[in-house]
Amino acid sequence: MDFSDLLNRYITELDCSAKDLAEASGISAAAISRYRAGERTPDPDSKQLRMLANGIAALSAGSLSEQAVHEELAASISGISIDYDTFLSNLSALLEALSVNNIEVARALSFDPSYISRILTRQRRPADLRAFVAGVAQFAARRCTEDETRLALKSLVGGGFDSASDEDAQSQAIATWLGTNYAPMHDPISSFLKKLDEFDLDDFIRAIHFDEMKVPTTPIQLPTTKTYTGIREMMECEIDFLKAAVLSKSSASVIMYSDMPLEEMAADSEFPKKWMYGMAMMLKKGLRLHMIHDTNRPLPEMMLGLEGWIPMYMTGQISPYYFTGADNSVFNHILKVAGTVAMQGEAIADHQGEGRYVLTKNRDEVRYYRKRAERMLDHASPLMRIITAADADKLQLFLKECMELRCRRRVIMSAPPIGSIPTGLLERMLERNEVAEAERGAIRAFAAQRADELTDLLAHDEIRFEFPSLTRAEFDAYPPALDLSGLFIEEAVPYSYDEYLEHLTALKSFIAPYERSALVIDNNQAFRNVQIAICEGHHVLVSKNKGPVIHFVIEHPAMVSAFERFIATVRD
């Protein structure tokens with residue numbers, strides 16, 4: 001039902017006049033008349049619509065709630081019967097299920113890619129939301145040419161899509177789901193960032209007694225070559241490989257690849273514990289691990305798998321990679337090579353129990369498999385560049401490259417950028433926090449460098465800064481600190497509440513001359529120890545302030561697209 005028809009129905013059912021509704025709502029009688037005639041329609045989120053809903057509820061003498069009336073009126077205008085943030089969450093989940101980026105969507109709907117980005121990050125609303133929803137749904141239905149895509153949409157949209165007999169019916173089912181699914185979809189990016197934000201390596205080391213672990217020296221008693229068959233023996237082979245790598249005198253790096261499904265292994269109550277212990281022992285020994293991840297699966301599954309690697313990523317001893325190209329849906333393979341031992345195996349997909357897995361310590365065989373693994377690395381792309389204090393120069397090199405890009409940028413931070421801090425405020429904070437003089441000099445130089453870089457970026461690029469709206473109680477519970485992650489300084493230099501407000505005011509003044517910049521302060525910021533810098537279409541830099549300071553440069557296309565659509569969730 002159109003808005004004008006719904007409004008006229010309310011007036012008829014309430015047996016009131018347009019004048020009565022005007023007086024009850026505070027909206028002029030002329031505006032009510034134009035609404036009834038369909039000549040004008042208020043925005044779904046406008047003050048006028050809420051006033052109208054309030055007036056209708058008041059005239060109903062308690063039989064109608066203002067919220068229910070507002071939701072029905074808004075749905076008649078927008079075509080969605082849920083709040084806008086839930087709609088955006090649904091939209092983001094749909095695009096992830098389709099494995100598409102903003103450029104593909106924009107091209108299909110004849111929009112500029114930046115317009116799609118602004119919609120997904122709440123910076124803009126479609127001028128005609130009904131037409132936008134219909135266009136997205138038609139685009140999604142046209143993408144259903146592969147079984148994997150149909151299965152993903154069936155899982156997401158449900159019965160309405162499953163029972164659809166043709167493309168038009170599928171499109172209608174998708175459009176209906178987009179606008180009526182009340183449960184916000186799980187955001188895998190948010191979950192990954194939340195775990196990263198809360199993770200503390202020192203706490204983790206204490207929890208697993210890492211400092212108390214002793215790297216064993218007694219050689220493992222295994223035959224030169226051993227063959228394993230079936231799921232149970234494959235898990236035994238994995239553990240034997242880890243034992244052999246740890247007990248070997250070699251300090252050569254370890255290369256690991258597997259696209260074997262993890263469900264059956266994860267279901268075993270003991271295997272994950274043994275596997276994690278073995279991995280921890282390899283790290284304790286000081287081995288560098290090159291892990292080629294299987295990313296040819298839906299983004300939520302991929303991100304869930306990466307969450308489990310966060311503790312190991314944080315050591316800085318792991319380099320993650322992935323393969324580009326088509327997914328191999330017929331064969332599964334596993335290849336892991338350490339200094340003096342190698343594991344390899346293969347199986348037909350969905351028949352891992354019939355697979356054959358081999359562990360070998362034969363020098364010629366190990367040499368062969370290492371060369372093979374190195375060739376695999378040659379064909380792999382970095383999933384993330386992980387930068388720790390040990391290679392701080394790599395961060396500076398990356399930031400220099402980043403400065404040369406011309407793109408739309410989005411910065412999600414827990415505190416204002418240090419490049420915008422007034423000199424006097426910085427000096428007062430350093431003095432109040434009793435920062436050592438040697439560190440003060442480094443921080444001053446860092447702030448000046450960041451100020452020059454920020455000025456240059458603002459002159460060329462569109463930048464959106466996002467910060468939390470903190471109540472005094474929230475601030476006192478978790479005081480933000482100067483963003484010193486670029487210096488790899490672990491010791492926090494926290495703001496006082498007045499200093500924080502002063503810096504925010506200074507940031508507003510700093511960016512005011514630049515028309516393409518925007519400062520957004522709301523309560524949808526979820527992270528306290530993580531900053532996210534998104535260069536649309538290029539990469540994402542995720543920086544962690546402490547526990548320890550570490551930076552992740554993400555260039556995987558699906559992950560970059562997901563970050564571009566990311567909307568931070570409200571804090572607990």
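Visitor: What makes a contact a salt bridge?
Guide: A side-chain nitrogen of Lys or Arg must lie within 4 Å of a carboxyl oxygen of Asp or Glu. This is a predicted model, where local features need pLDDT of at least 70, side-chain atom pairs count only at pLDDT 80 or more, and totals for chains, interfaces and linings use all residues. Residues are numbered from 1 along each chain as its sequence is written, and side-chain values use heavy atoms, with hydrogens and water left out.

Visitor: Why is the pair E236 and K226 called a salt bridge?
Guide: Their closest N and O atoms are 3.2 Å apart. The limit is 4 Å, so the pair qualifies. E236 lies in helix α15 (residues 230-247) and K226 in strand β1 (residues 225-229), so the pair ties together parts 10 residues apart in sequence. Helices (H or I, at least four residues) and strands (E, at least two) are DSSP runs, numbered from the N terminus.

Visitor: Why is E499 called buried?
Guide: Buried means under 20% relative accessible area, exposed over 50%, partly exposed in between (1.4 Å probe, protein chains only). E499 has 7%, so E499 is buried.

Visitor: What is R432, the partner of E499 in a salt bridge, called at 42% relative accessibility?
Guide: R432 counts as partly exposed. The closest N and O atoms of E499 and R432 are 2.7 Å apart. E499 lies in helix α25 (residues 497-511) and R432 in helix α22 (residues 423-432), so this bridge ties together parts 67 residues apart in sequence.

Visitor: How many salt bridges does the rule give?
Guide: The count comes to 25. Bridges that share partners join R118, R408, E462 and E536 into one network.
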